[in-house]
Each structure stands twice: as C-alpha cells, then as structure tokens.
Amino acid sequence: MDITATRIWKDLQQHKTVISSKVLTQLFDGDPGRFDSFSLEACGLFLDYSRNLITDETLDFLFELAQKARLAEARRDLFSGKRVNNTESRPAMHFALRNPAGESFSVEGTDINSLVHKTLDAMAQCADKIRNEQWLGYSGKPVKQVVTLGIGGSYLGPKAVWEALQAYQSTALKMRFVANVDPSHLGKILSASAAKETLFIIVSKSFKTHETLGNAHIARQWLLDSGVPLQSIASHLIAVTANTDAAREFGVEESNIFPMWDWVGGRYSLWSAAGLPLVIGLGKDNFRSLLAGAHAMDQHFASADAPVNMPILLALLGIWCNNFLGADSHAVLPYSHAMRVIPAHLQQLDMESNGKSVTRDGSPVNTATSPIVWGGEGTNGQHAYHQLLHQGKRHVSVDFILLLKSDKGYEEQHTQLIADCLSQGKVLMTGHAEADIIRELTNAGMSDKEAKELAPHKVIRGNNPSNTIVMERITPETVGALIALYEHKIFCQGIIWQINSFDQWGVELGKVISEEIYQQMQHPDQINPQNDSSTNGLIAKYFKYNKLT
Ligand code: F6P
C-alpha cells in the first residue's frame, strides 16, 4: 500500500494547512488544561507532548492513519514472532530477551523463553565469577579489566546503558568499550593495561565485521606479546556471536562463547548476550532490572490503546513533524551527562531501521522516512547548536529527556539543569517577537533607531514543537523503559511508512568496496585503473606518504 495515496494521508495534508496558521502559545492560552490533556505516564516515564502543533483533531487523524496502516495487526505479528523482517525471512524478537522466566513463548517449535533464560543464567554465572575474582588469567591472578570489542549495535547500546547507569557501575573492575578499527583507541587502552588481568569480550553477531576482527587480532597478539602462553589465551577471551565456528577458529573456547540469534537485530541486541559487559560491570540484578523496565514498556506498548500508548504517540507525533510539518531532523537532547551516549544509540536504532526508500514489497516510498536523528547532552548543546534551533532556517523536532533528581546530590546545580531544559522548550515555543525586542531595548535606554536596527538579529521564530520525557531519576528500570520506548516508536513509524525496519542492506556494499580498496592498497601494482580518479588519487597519496612508491 502507498500510504501517501490514502485518503487519511490527504486529510492530514489538508489539516496541516489549518494547523500551520495556529500559534502554540495561543493553543495554550485557549486551553488551560492543555498540559494535562497532552501528557501521559507509563513505566516510570512521563511524556509531555503538549508543545506539539496539534489539536484533538490532529490526533484523531493520526490515530486513523495508524489504523489505515494496520498498526495493531502489525504489533500482534511482531509479538507473535512472525517473520516481520521479510527480506531476511526472520522474526524480530528483541522483546523476548526481556520476557520473564517461565513465560511460555515458542516460535516455530523453538522454546524461545528457555533459550533466553538459559543464556541469561550463563551470563550471570560468568559475571559473578569475574566480580568475585574467580575468573583467573594465565598467571593465576583474577581479571580486573574487561575490554569489549564491538561496533554498531554490538557497541552503542551497551555503551549507552553503561554510561547512563554510571551510579551502578562496579568500582572494582575497569570496563572499556572499543568500536573503531582506528588502532589508536585500543592501542591507548593496551598501553596502560596488564595482560595478566585483562579479559576481552569480542561481540560480533556475524564474527565477520572487519573493525571488530581487526581489534580482536590486535588484542590476541598483544596477549601473546605480553607473555600469555598460547595454551592459556582462552582464559582471556570471550565471544558473543551467532557465528560460533568462526569464534572457535579464532581461539575462543566453546564454554566462553555466548550465543546471538538471527531473530535479534544487532541494533536491538543490548538485551542479549551482547549485554554481557553490563552484567559484569553492573551486576546481574541491575541487568535484570534493565530488562524488567524494557518488559514493562513492551507490555504497555502491546496492550494500551493508541491514545494512551506512549510509543504510538511518539511515533505519530514524529510522523506529523517529519512528514507534514517539514521538520528537517529530529534531536534527542538528554539533560543528563550520564545519558550523553543515548542519542548515538537512538541514531543507529532509528536511522539504520528506517533509513529506507522502498516498502516491504519493494515499491518506492513516496514520502520521507527516518529523519536525521542527532543529539547530545544538555546543557552543553545550548552552547553549541541551540543557536540553529532558535534562529536557524531549518525546522528540528526535539525530544528533551529530563531527570527530576540527580544521583549525586548537588541539588542546586541539578535544579539549574532542569531550569535550563525547561527554558529551551519554552523559548522554542514562545520565540521572541520583534516588537517586544524593540520595546525591551528602548526601555533599556537604546535609541529607537538602534533598537530597530538590532531587533531583527534578536528575533526568535518560536512555534517549534518539542516533547519532554521526564523520569524521576536514572535507574536500570527507567533506562530499560526509555530505550524500549524508542524501539517501539521506530517500529510503529516503519509500519506507517510500510517499510521493513529490521534489515540493513544499505551498509553491505560499503563493506565490499572497502575490502576491494584495502587489497589494492597492499601494493601500487594492485590499483584498479578503472577506479575513479579521486579514489586512485587518494590511494596514491597514501602510497606516497608511506613511501610505498
Ligand atoms: O552496520 C551494520 C551492522 O551489521 C549493524 O547492524 C551491526 O550492529 C554492526 O554492523 C555490527 O555487526 P556484528 O555484530 O555482526 O559485528
């Protein structure tokens, strides 16, 4: 179905012309109960969506759009383990990773719940052994540093949760996360590490990703060069992968290989054995609380009616901003240093899931799909890119994430943080009109002429939408619920755009071309003359600089 050819889509386009004449501040002036009407609580999160350019009629249209896209049926298919990832003929069952033990859930004859909990128990045992200093390296000393090697979903999710839950981190273990094949990152860590106490976790669903394998080879050689006997190297290596043969061939002992399944997408895998570093660094109870928070959001998403369904609301509001109000991008701005990596995880989650241009049946999509998702910690952004948000020519939809309580005391500074977050949402909405600016400048003693010259430079457009997601404090449960909220939001948007959110064919060609160029960079004679002159010109610079010609 071409969703843009439906009547409801055209009704929304028509409705947009009506809404475009509305002013957010007037919508608030006209409805003292607007905040209460357009906010929702679920799973420890509070969503204030009143600062969107919407009316009840807008929401009714959007809910009708969801019905037209058969969102409820798609949701049922997802949770029943249907092969919703149609191009790879796979289910997408990241939700099953957080189902409680004993909840019977079998798909195509496999008892998924038992598989998940058998692995969770094995992860807990491994983590306890390390946390209790019973995992010994080759010299008989307990490991004290865990270096996780992984990229994309094998890195961003675990890293984002690790930083967000800084208050729960083990102080006895050094936990490191390395993704880039740029050897300067891992090299810096190794130069300050002792092999006898260092354990590497290689997280790669395919066990083919060259960045991760490149780092894994550096790590393995470093262990050997540091005096670890070949026959003892296995006590310093763990693998998390769907490709156990490749892990074994690399030298990881069978008992140190944890499974990843093809029914969990990489960017949805932090809840799986890819989260092993979290179990080690945070402890099994906190990891289970993280899963519980996500499970609560799963249940909410699976059961709540659209008008009181947080993922569906966020998804529809995003469609309204992205596809109708013309937002160029979407910013996620957590007002929390600990949550600074969350936007990067959501970037992959959203852009790798919905950065598509054909529908599930291969037809062209005739509207924008995933927005450009970006973000960063507040208040830092106010001193970096908020200028564009307030006075730029581009429209950006914004999700603020706000914590009511600091996990470190210092209440005065935390109150300032909250005030800053609330100020930004307010200014995005109210703006600053030229007439008010002139009056303020002249009241302050500036001449009328000077005030009129300066005022246009100080005008703030305003009428910009934003959501504010509030949590009392950062806990494993609220972090789990937050990430699951976005996972389901992204799923809902994919259904409305009629796309497959669970494959990522777009990244495959780059990997092939990279390998071809890498081979050509082994020797000038290997260069392919068919390459464009930019590629060959740049390779020639490499050869010249490295004195290979
Ligand atoms: O970017 C492509 C991708 O396949 C991601 O989807 C995935 O999270 C990442 O690379 C790492 O893949 P793997 O876990 O197989 O190393």
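## Contacts of Thr379

Contact here means that heavy atoms lie within 4.5 Å of each other. In this predicted model, Thr379 touches Tyr335, Leu417 and Asp420, when residues up to four places away in sequence are not counted. Thr379 itself is located in the loop between strand E11 (372–375) and helix H15 (386–391). With a relative accessibility of 19%, Thr379 counts as buried, because buried means under 20% relative accessible area.

## Helix H13 against helix H19

Two packed helices are described by the angle between their axes and the distance between the axes. Helix H13 (residues 310–324) and helix H19 (residues 476–497) pack with their axes 8 Å apart, at an angle of about 55°. H13 is therefore oblique to H19. The crossing of these two helices, H13 and H19, is right-handed.

Which residues in H13 meet H19? On the side of H13 they are Met310, Pro311, Ile312, Leu314, Ala315, Leu316, Gly318, Ile319, Asn322 and Asn323. Their partners in H19 are Leu485, Tyr486, His488, Lys489, Cys492, Gln493, Ile496 and Trp497. Sorted by class, the contact of H13 with H19 has 12 nonpolar, 5 polar and 1 charged residues.

## Helix H5 against helix H19

Helix H5 (residues 71–79) also packs against H19: the axes of H5 and H19 come within 10 Å and cross at roughly 125°. H5 is therefore oblique to H19. The crossing of H5 with H19 is right-handed.

In H5, the residues that meet H19 are Leu71, Ala74, Arg75, Leu78 and Phe79. In H19, the residues that meet H5 are His488, Phe491, Cys492 and Ile495. By class, the contact of H5 with H19 has 7 nonpolar, 1 polar and 1 charged residues.

## Salt bridges

How many salt bridges does the structure hold? There are 23. One of them joins Lys82 and Asp77, whose closest N and O atoms are 3.3 Å apart. Lys82 has a relative accessibility of 48% and counts as partly exposed. Asp77 is likewise partly exposed, with a relative accessible area of 25%.

Another salt bridge joins Lys144 and Glu133, with the closest N and O atoms 2.7 Å apart. Lys144 and Glu133 both lie in the loop between helix H6 (112–131) and strand E5 (145–149), 11 residues apart. Lys144, at 23% relative accessibility, counts as partly exposed, and Glu133, at 42%, counts as partly exposed too.

Where do Glu163 and Lys159 stand in relation to each other? They belong to helix H7 (residues 156–164) and are 4 residues apart, so about one helical turn separates them. Elsewhere in the chain, Arg7, Asp11 and Glu64 are linked in a network of salt bridges.

Notes
Residues are numbered from 1 along each chain as its sequence is written. This is a predicted model: local features need pLDDT of at least 70, side-chain atom pairs count only at pLDDT 80 or more; totals for chains, interfaces and linings use all residues. Side-chain values use heavy atoms; hydrogens and water are left out. Axes are lines fitted to C-alpha atoms, for helices over the stretch in contact, and angles run from 0 to 180 degrees between N-to-C directions. Angles under 35 degrees count as roughly parallel, over 145 as roughly antiparallel, 65 to 115 as roughly perpendicular and the rest as oblique. A crossing is left-handed if the near helix is turned anticlockwise from the far one by less than a right angle, and right-handed if clockwise. Ala, Val, Leu, Ile, Met, Phe, Trp, Tyr, Cys and Pro count as nonpolar, Asp, Glu, Lys and Arg as charged, and the others, Gly among them, as polar. A salt bridge is a side-chain nitrogen of Lys or Arg within 4 Å of a carboxyl oxygen of Asp or Glu. Buried means under 20% relative accessible area, exposed over 50%, partly exposed in between (1.4 Å probe, protein chains only).
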